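Okay, everyone, thanks for coming. Let me put the structure up and talk you through some side-chain pairs.

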Amino acid sequence: SAPIQLKGVARLRARSRAYSLGPRQAPSGFPLWQAMGQCSVPCSHRACPPEGELVVPRPDALQRLGAPGLRLDSAASLGAGARDEKGEETPTTGLGSDQPPSAWNLSTHGSAAEGSADEDAEAGGDGLPATPSAASGAQRARELLGRLRVCEAAEELGRENSADWSPRSDEALRSELRFQLEQLQWALGRLAEHPGMQALHAGGSEVEADAGCLSQALLGVPLPPGPLPSAPEASPKSLAKRDVMEITIDLDDEGRQVDAFLEFLPNGTISGQWVAKNLPIPLPLILCMVQEVDLVAELLPFVVSAGLVHQFPSNEADRLVRIASKPPIPFVAGFEAVAQRLGFDLLDTPWKGLCLVECGPTWGAQAGDTPRWRGVAQPASAFPSFKQVDVKSIAALARPGGENGELTTIVVSVTVDAKLPRSLLPQWLVAWLAKTIGRFIYQRALEHVSKFDSTEHGRRLREHDTSFYSDLHHRLEEFVRREAEAGRRDAEPPWAA
């Protein structure tokens, strides 16, 4: 049916709670954001109407969606298709909003300073509804996605049809979940074969027993259920034919170190794997130091600029970031890289940690159009004289440890194209850079943690305007408690049972 326009109701104020429209903005009980065919907040999409206008189907079309009684949450709009000024439907990813993360808070939690474990317990232990409601299914999947729990979100969406299901919004959510699952599939495939990851793995039988939602393909995307127990080692003869380096970075006098393995491939790509075990830094603080990308120069050497390029709406870890650095390499002005970041909560899987994935955007362009990635225009270089680094891929897993979660183990697999000839990267320079950077980051991080509350990181962690940090902190606390209980049970003699 022909669309109608509602004037002056497009703007939503950023709050830490779920948002709803007042009685003057929409017919009561209609899932407006889900059905209207455009973003629920002011955006930069060319296909969306100007600010102050909403283009929606007529009420009879809304009724056919079968969703009376639903709340008008902003979360329901994730990736809905768009309509142009003429009312004609146009394809869109729904991922190009310039709104801050607070405007896309998919949960009903308050700010990081609000909420409690008691509230989470009433909601079912994870802050989500304890019992299915008319708005479960796709709505619950969106909430799980907003909390980095992509695997559970995909599993939940497979249980449709819930009362809030609609072909357009559900397909957009499926597309977003598939995209993130495919990135996770690649990352876990790399980490599964990582020697450091295998050393942390207790055995193959445990993986099969605890695989949970990873035991089956999610939305058609199979994921490795856990680290491989072992992998065949390369023979000395095989290694002799490859351009490889093994580097040990001593971090302190207490035996902590980073074990790194680098390989320089014939096409100019550098592949690296490294692991750092039982670092004396709690994972919530590491999470904050990684997430606040504009402050990375306080922790990394040689960084001259870093910042957020674009925040996608699925969750706060889904973003484009830019980092420019100027290491002391002869004849090189510096390096600049723009990367897509994604985060995954895998605490309830055999991976037992938080996973960070970075990849280089594939900037595609139609004739006469600006190259884009997921609807975002390719940014101009901030440092034209710097070499543009192609971030092929970074997969990292951080696992909490220690009796109270005071330790963190980090496993990383990275592939980059530095666009430098091998002759400019002699062995001694690579080893010196690796050790210098590794020790600098570790010592600077320890200094930062010792006064964390007085730093800008500490202020942001306390005053963050959504529940992103508090939700993950609660999840990590629960994980450490479960692991401690499991350890105590395993330590009991058989007759104690």
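This is a predicted model: local features need pLDDT of at least 70, side-chain atom pairs count only at pLDDT 80 or more; totals for chains, interfaces and linings use all residues.

The side chain of Glu485 meets that of Arg481 in a salt bridge, 3.1 Å from N to O. Both residues sit in helix α13, 4 residues apart, which is about one turn of the helix. Arg481 is partly exposed as well, at 38% relative accessible area.

Now for a pair with a longer reach. Glu176 and Arg374 also form a salt bridge through their side chains, 3.2 Å from N to O. Glu176 is in helix α6, residues 167-192, while Arg374 is in the loop between β12 (372-373) and β13 (376-377), so this pair ties together parts that are 198 residues apart in sequence. And how about cover? Glu176 is buried at 4% relative accessible area, and Arg374 is buried at 11%.

One more pair: Arg256 and Asp252, again a side-chain salt bridge, again 3.2 Å from N to O. Arg256 comes out at 18% relative accessible area, and the cut-off for buried is under 20%, so Arg256 counts as buried.

How many salt bridges does the structure hold? The count is 25. Some of them join up: Glu292, Asp294, Glu456, Arg459, Arg460 and Glu463 are linked in a network.

Let me zoom out to finish. The chain has 13 helices and 16 strands. Of its 497 residues, 52% count as buried. If you take contacts between residues at least 6 apart in sequence, 68% of them join residues at least 24 apart. The accessible surface of the chain is about 23,100 Å², and carbon and sulfur atoms account for 53% of that.

Conventions
Residues are numbered from 1 along each chain as its sequence is written. Side-chain values use heavy atoms; hydrogens and water are left out. Helices (H or I, at least four residues) and strands (E, at least two) are DSSP runs, numbered from the N terminus. Buried means under 20% relative accessible area, exposed over 50%, partly exposed in between (1.4 Å probe, protein chains only). Contact means heavy atoms within 4.5 Å. Accessible areas come from the Shrake-Rupley method with a 1.4 Å probe; for residues, only the protein chains shown count as cover. A salt bridge is a side-chain nitrogen of Lys or Arg within 4 Å of a carboxyl oxygen of Asp or Glu.
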